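Q: I'd like a close look at one part of this model, the ligand site. Then carry on into the packing of the rest.

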Amino acid sequence: MSSIKSVLQETRQFPPSPEFAKDAHISSEEQYQQLWNRAKDNPAGFWGELAQTELEWFKPFETAMEGQMPDTKWFLGGKINASVQCLDRHLKTWRKNKAAIIWEGEPGDTRTLTYQQLHREVCKFANVLKKLGVQTGDRVTLYMPMVPELAIAMLACSRIGATHSIIFGGFSADAIADRNNDAQAKVVVTADGGWRRGKEVPLKTNVDASLPKAPSVEKVVVVRRTGTPVDMVPDRDYWWHELMEQVDADCEPAELDSEHPLFILYTSGSTGKPKGVLHTTAGYMLGAQMTSRWVFDLKDQDTYWCTADIGWITGHSYIVYGPLSNGATSLMFEGAPNWPDEGRFWEIIEKYQVNIFYTAPTAIRAFIKWGDQWPQKYDLSSLRLLGTVGEPINPEAWMWYHRVIGGERCPIVDTWWQTETGGIMISPLPGVQSTKPGSCTRPLPGVVPAIVDDKGNPLEANQGGLLVMTQPWPHMLRTLYGDHQRFKDTYFGKLEGLYFAGDGARKDEDGCYWVMGRVDDVLNVSGHRLSTMEIESALVSHPLVAEAAVVGFPHELKGEGICCFVTPKGVTPSDQEKKELIAHVRKQIGALATPDQIRFTPSLPKTRSGKIMRRLLRDIAAGKESSGDTTTLEDYTVLAKLREED
Ligand code: ATP
Ligand code: MG
C-alpha cells in the first residue's frame with residue numbers, strides 16, 4: 001500500500017489561556033510528558049498505581065496487567081463493583097447531597113437526583129432485578145428513552161453483576177430481537193414510550209413485536225413515561241413503579257472480579273453489521289474515570305453536559321460512568337436540538353449555566369445550517385470547555401464552534417475514540433495542548449498509537465496510513481460477545497500484535513494526529529490515495545455548503561473518480577455555483593482532488609448515532625444496489641430520494 005496523501009493545509013493554532021491552564025488537572029507540557037512516558041515505559045506500573053489510588057476495592061488486585069494484546073487482562077485477583085465506584089464512595093463525603101443527575105425531558109419536565117437519592121433508587125431497582133430472577137452474569141437489555149431510570153437501571157445491573165446491553169431507543173423490533181438473541185438477554189427494561197420531536201416513540205410496542213423472535217427474554221419491566229396505554233402480559237410484563245414499591249432500599253453490592261463483564265454494546269454500524277463489544281468492570285471504570293477528569297477537566301462546581309444518547313458508548317462513558325465516578329454533576333436531556341425550535345440546546349445551556357458541553361460534528365453541522373441567530377439569542381457565557389466526538393470535524397465547522405459557541409475563549413477537545421476503546425484515546429488536554437482545527441492532537445497518557453503501512457511499518461511524519469495502538473490499555477474491549485474469533489480477526493488479524501482501529505490518519509511534525517476517515521473509504525484517484533475527510537473539509541469551507549460526503553466511483557481513466565454529495569446551506573445552488581464549488585476545491589487542495597461530480601441533496605444517509613454512511617453513497621455513485629447491512633440507517637427515505645435523483 002502506498003501512503004494516504006494529505007492535501008489539506010491547516011495551520012491555525014489555539015493555545016490554552018494561562019487562566020485555564022493554571023487550574024487544569026494536567027496543567028503543563030512537562031506533566032503530560034512525564035505521565036505519558038511513564039505509561040509507555042511501564043503500563044502495568046502506571047495503570048496499577050492509578051487503579052490502587054482511584055478505585056475502591058473490596059479486595060485489592062494482585063496482578064495489574066497480564067498477557068499481551070489481544071488477550072490482556074487487568075487487575076487480576078481484585079474484587080470491585082462499578083456502582084460503588086459511582087455512588088457509595090461519594091456518600092461518605094460532602095457530595096452526598098450534590099446533584100448527580102440533572103435531567104430535562106423533551107416536554108420541559110425536570111428532575112434532579114442527588115448522589116444519595118440516586119443510590120437509593122439504584123439499590124431499589126437492583127432488588128427488583130433480583131426479585132425477577134436476575135443473577136450475577138445474566139444479561140439485561142435496556143431499551144429506554146433518555147430518562148433517569150435508564151441510568152438507574154445501568155447502575156442497578158452493575159450493582160448485582162448483571163451485564164447490561166443498551167439498545168438505542170430508535171431501533172426497530174427486528175434490531176431488538178437480533179441483539180436480544182445475540183446477548184441471550186433474560187430481562188428487558190423499557191418504557192411505554194419516549195418523546196422525540198413532539199411525537200411518541202412506541203417503545204413497549206416495539207418490544208412486544210420483538211419478543212416472539214427472542215425466546216431468551218422472560219420478563220419485561222415498563223417505565224411509565226408518556227402515559228399512553230400499552231398491553232401488559234400477566235406474569236411477563238411489570239410496571240417499574242409498582243415493583244419499586246415492593247422492595248427495600250438496601251442492596252449490598254456484589255463483589256465482582258475485575259474482569260467481570262460490565263456491559264455489551266453494539267457499534268454504530270457505519271462500516272457494516274454492528275459488533276457486540278464487551279467491556280469488563282475494573283479496567284473500563286478506571287478508563288472512564290481518568291479520561292473524564294483529564295479531558296473534560298471536571299471540577300466539583302461544574303455543570304457538565306454530554307448531548308449523546310446513552311444508547312451509544314459516548315453516553316455510557318461520558319454521561320454515566322465517567323462523570324459519576326468523578327462525583328460530577330451530569331446533565332441528561334431527553335429531546336432533540338431542534339424541538340420545539342432550533343434554540344433548544346442553547347436555552348438549556350443558559351438555563352442550567354452549563355460549563356462543559358460535549359457534542360458531535362453532525363450536530364455542529366446542523367447548527368451551522370440553522371444559523372447563528374439561534375445561539376446568539378442566549379447567554380452562553382457560562383461555557384468554559386467544548387468537546388466533539390463521533391466523526392472527523394471539518395476545520396471550518398471547528399472554527400464556527402470555537403467562535404459562535406465558545407466565544408473564542410473555550411478550548412475545544414476533539415476526542416478520537418471508539419466503542420471498542422471504551423474511553424477517549426487521542427484528544428487535547430485542554431490545559432496543555434494548543435488545539436488545531438481538525439486534529440484530535442495527541443494521545444492521552446497510557447495510549448501509544450502509531451501510523452503504519454499495511455505491513456505494520458511506521459510511516460514518516462505527515463504520511464497518511466493506518467491508525468494502530470501498539471500497547472494494551474485497561475479499558476479496551478475484551479471480545480465481541482460470543483465470537484472471540486471475529487474479535488481477533490477484526491482488530492488484530494491485519495497486523496500482528498497491533499490493534500487496528502479501521503481509521504486512516506497522519507501524524508504531523510508536532511506529534512498531532514489528523515484522522516482522515518475510515519480506511520475503507522479512502523479514494524484511489526490516478527494512483528493517489530486520498531482521504532474523504534480532506535475533500536469534504538474543502539467543500540465545507542465554502543459558504544454555500546453545510547455538509548458533504550465524498551466517495552469514489554469507477555472511472556475509466558483515473559481508476560476512481562471523486563463524487564461529492566453536498567448539502568447546501570440554503571436553496572439548491574445554480575450550475576454556475578456548482579462550477580465555483582469545483583473550482584474552490586481545486587484551489588484549496590489541488591487539481592488532483594478536483595471533483596468529477598457534485599450532487600446536491602437535502603440530507604445524507606446517516607447511522608442513528610449521526611454518522612455519514614459513505615458505503616451506501618458509494619453504491620449509489622457506482623449505480624449499484626445497496627449491498628451491506630442497513631439496519632442502523634437513520635432514515636430510509638434519504639436513500640430512496642438519492643436513488644430517484646440518480
Ligand atoms: P462500526 O464499527 O459498526 O462501523 P462506528 O465505527 O461508527 O461503527 P463507533 O464506535 O460509534 O462505531 O465509532 C467509532 C469511530 O468513529 C471511529 O473509528 C472513527 O472512525 C470515528 N470517530 C470518533 N471520534 C472521532 C474523532 N474525534 N475524529 C475522527 N473520527 C472519529
Ligand atoms: Mg467502528
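How many residues surround ligand 1, and which are the closest?

A: This is a predicted model, so local features need pLDDT of at least 70, side-chain atom pairs count only at pLDDT 80 or more, and totals for chains, interfaces and linings use all residues. Residues are numbered from 1 along each chain as its sequence is written, chains are lettered from A and ligands numbered from 1 in the order written, and side-chain values use heavy atoms, without hydrogens or water.

Start with the ligand. Ligand 1 is surrounded by 21 residues (a heavy atom within 4 Å). Gly-269, Ser-270, Thr-271, Thr-419 and Lys-611 are the closest. By class, the shell holds 9 polar, 7 charged and 5 nonpolar residues. Asp, Glu, Lys and Arg count as charged; Ala, Val, Leu, Ile, Met, Phe, Trp, Tyr, Cys and Pro as nonpolar; the others, Gly among them, as polar.

Now the polar atoms at the site. An oxygen atom of ligand 1 lies 2.8 Å from a polar side-chain atom of Ser-268. The side chain of Asp-503 places an N or O atom 2.8 Å from an oxygen atom of ligand 1. Pro-392 takes part through its backbone: a polar atom there is 3.4 Å from a nitrogen atom of the ligand. Taken alone, ligand 1 exposes 640 Å², and the protein buries 95% of that area (Shrake-Rupley method, 1.4 Å probe).

Next, the aromatic packing. The structure holds 36 aromatic pairs (ring centres within 6.5 Å; planes under 30 degrees apart are stacked, over 60 edge-to-face, the rest tilted). Trp-74 and Phe-75 form a tilted pair, 5.7 Å centre to centre, with 50° between the planes. Trp-74 is buried at 0% relative accessibility (buried is under 20%, exposed over 50%, partly exposed in between; 1.4 Å probe, protein chains only). Phe-75 is also buried, at 0%.

Tyr-318 and Trp-417 pair edge-to-face, at 5.1 Å and 85°. Tyr-318 sits in helix 11 (residues 313–325), while Trp-417 is in the loop between strand 21 (412–414) and strand 22 (449–452), so the pair ties together parts 99 residues apart in sequence. Helices (H or I, at least four residues) and strands (E, at least two) are DSSP runs, numbered from the N terminus. Tyr-318 is buried, with a relative accessible area of 0%. Trp-417 is buried at 9%.

A cluster comes next. Trp-305, Phe-333, Phe-345, Trp-346, Phe-357, Phe-367, Trp-370 and Trp-400 form one aromatic cluster. Trp-400 is one of the buried residues of helix 15. In that helix (residues 395–405), 9 of the 11 residues are buried, so helix 15 is largely enclosed by the rest of the structure. Pro-395, Trp-398, Tyr-401 and Ile-405 are among the buried ones. Gly-407 follows helix 15 and has a positive phi, near 55°.

One buried polar side chain deserves a look. Gln-85 lies in helix 4 (residues 82–91). Gln-85 is buried at 1% relative accessibility. A polar atom of its side chain lies 2.8 Å from the backbone nitrogen of Glu-56.

Last, the cysteines. The structure holds 0 disulfides (two cysteine sulfur atoms within 2.5 Å). The sulfur of Cys-157 has its closest cysteine sulfur in Cys-251, 11 Å away, too far for a bond. Cys-157 is buried at 0%. For Cys-512, the closest cysteine sulfur is in Cys-440, at 8.6 Å, again too far for a bond. Cys-512 is buried too, at 1%.

Technical notes:
A polar contact is a pair of N or O atoms within 3.5 Å; within protein, one must be able to donate a hydrogen and the other to accept it, and residues adjacent in sequence count only if both atoms are side-chain atoms. Rings of Phe, Tyr and Trp (its six-membered ring) pair if their centres lie within 6.5 Å; planes under 30 degrees apart count as stacked, over 60 as edge-to-face and the rest as tilted.
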